[in-house]
Amino acid sequence: MENKLQKSKCLLPQKEKLSEKLTLQSKFDKNYYFGGIYSNYDEFLDWEKIAKDLIKRFKFDSFLDIGCGCGNLIKEIKKQKPDVDAYGIDISEFAIKKANADFIFLADCKNLSFKTNRFDAVHILGTFSYLSTLEEIKQAMTEAYRVSKKFILFDDVYIKPDKESDDYDPYRQHVFSLKEWLSFWREIVEKDDIIETFKDEIIISKA
Ligand SMILES: C[S@@+](CC[C@H](N)C(=O)[O-])C[C@H]1O[C@@H](n2cnc3c(N)ncnc32)[C@H](O)[C@@H]1O
C-alpha cells in the first residue's frame, strides 16, 4: 500500500502547472465519454433512477455534483425536483460544453469557488480516484467537506476492474478499498460527524 502511494505521488509535481491542468481538461474529451473509454456516457448509468433514489433518501434544497461529467445526474435531479438549487462542476471542457447549462461549469475539485457550507448535499461519484496523488485527493475531500452543510455522498470503484468490465478506465489513477476511503474521510471530518456506508456509498452526515 505504502509503495503504491509513494509511486503515485511521483506522477505529478506538487504544484500542478497550468499546462498539466490543460492536459487534464483535454484528456477527458469526446473520445473519453463517447467512444474511446465509455461507449455512450449518457447511457452509462440509469441517471433517472439514481436521481429518484437520492431525492427519496436525502432531504436537500441545494446540491453539488463534483466531477459531474456531462451533467446527466444534475440535469435529472433538476428535472425531478425543479426548485432545487443544484450545480455541477467538472474539469473537462468537452463535458461542460456538452452539458450547456449555466448551473454546470468548469472547475477543479481541489479548489472550489463556493462559500463554506453552501450546499445541503455534496455528491462525488467516481471523481477523486482520477487525481494524481493522495495529497490531491485529501485536498479535494477537504474542499467537498468545506462546501457541504448536511451530507456528503461518496462512491468510487473499490476493486480494480478487469479490462473487460464496464468500470475499467485507464485514466483512473487509484483504486482504494472502501475501508481505505473510509479512513481518508475520517481524517477530514469532525469527530461528531456520522460516517456510514450504504451498499457502495459512503455517507457523511455533518453534526
Ligand atoms: C468516470 S467520470 C465520472 C463522472 C460522473 N461523476 C459520473 O458518475 O458519471 C470522472 C470525471 O471526473 C472528472 N475529473 C477528473 N479530475 C477532475 C478534477 N480535478 N476536478 C473536477 N473533475 C475532475 C472527469 O472530467 C470526469 O468527468
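Student: What makes up the secondary structure of this protein?

Tutor: This predicted model has eight helices and seven strands.

Student: How do you know that the protein agrees with a compact globule?

Tutor: For 207 residues, the rule for a compact globule gives a radius of gyration near 17 Å; the protein has 16 Å, so the two agree. Along the principal axes, its C-alpha atoms fill a box of roughly 45 × 40 × 35 Å.

Student: What share of the contacts joins residues at least 24 apart?

Tutor: That share is 63%, counted among contacts between residues at least 6 apart in sequence.

Student: How confident is the predictor in the model, by mean pLDDT?

Tutor: The mean pLDDT is 91, and 92% of the residues reach 70 or more. Residues 1–14 have a pLDDT below 50, and this stretch has 15 contacts in the model beyond near neighbours in sequence.

Student: Let's go inside. How many residues of the protein count as buried?

Tutor: Of the 207 residues, 29% do. The largest nonpolar core has 40 residues, and Val122 and Ala144 have the most contacts inside it. Several elements supply at least two residues each, among them α4 (47–57), β1 (62–66), β4 (119–125) and α7 (134–147). The most comes from α7, with five residues.

Student: What does valine 122 touch?

Tutor: Setting aside residues up to four places away in sequence, valine 122 touches Leu64, Ile66, Ala144, Val147, Ser148 and Ile152.

Student: Why is alanine 121 called buried?

Tutor: A residue is buried if 20 or more other C-beta atoms lie within 10 Å of its own. Alanine 121 has 22 such neighbours, so alanine 121 counts as buried. You will find alanine 121 in strand β4. Its contacts, leaving aside neighbours within four places in sequence, are Phe58, Phe60, Phe63, Lys150, Phe151 and Leu153. Valine 147 is 26 residues away along the chain, and the two C-alpha atoms are separated by 9.1 Å.

Student: What makes aspartate 108 buried or exposed?

Tutor: Aspartate 108 has 20 C-beta neighbours inside 10 Å, and therefore counts as buried. The cut-off is 20 or more. This residue lies in the loop between β3 (104–106) and β4. Aspartate 108 touches Lys21 and Ile91, not counting residues up to four places away in sequence. Glycine 35, by contrast, is 73 residues from aspartate 108 in sequence and 24 Å away in space, C-alpha to C-alpha.

Student: And what makes asparagine 100 buried or exposed?

Tutor: A residue with 12 or fewer of these neighbours is exposed. Asparagine 100 has 9 C-beta neighbours inside 10 Å, so asparagine 100 counts as exposed. Look for asparagine 100 in the loop between α6 and β3.

Student: Why is the phi of asparagine 100 worth a look?

Tutor: Most residues other than glycine have a negative phi. Asparagine 100 is not a glycine, yet its phi is positive, about 50°. Lysine 199 also has a positive phi of about 50° although it is not a glycine.

Student: What makes lysine 199 buried or exposed?

Tutor: Lysine 199 has 5 other C-beta atoms within 10 Å, so lysine 199 is exposed. Its place is the loop between β6 (194–198) and β7 (201–205).

Student: Finally, which residues are closest to the ligand?

Tutor: Of the 17 residues that surround the ligand, the closest are Phe28, Gly67, Gly69, Cys109 and Leu125. This shell divides into eight nonpolar, five polar and four charged residues.

Notes. Residues are numbered from 1 along each chain as its sequence is written. This is a predicted model: local features need pLDDT of at least 70, side-chain atom pairs count only at pLDDT 80 or more; totals for chains, interfaces and linings use all residues. Helices (H or I, at least four residues) and strands (E, at least two) are DSSP runs, numbered from the N terminus. The radius of gyration is taken over C-alpha atoms; the globule rule is 2.2 Å times the number of residues to the power 0.38. Two residues are in contact if their C-beta atoms, placed from the backbone, lie within 7 Å. pLDDT is the predictor's confidence in each residue, from 0 to 100. A residue is near a molecule or strand if its C-beta atom, placed from the backbone, lies within 6 Å of it. Ala, Val, Leu, Ile, Met, Phe, Trp, Tyr, Cys and Pro count as nonpolar, Asp, Glu, Lys and Arg as charged, and the others, Gly among them, as polar. A nonpolar core is a set of buried Ala, Val, Leu, Ile, Met, Phe, Trp, Tyr and Cys residues joined through C-beta atoms within 7 Å.
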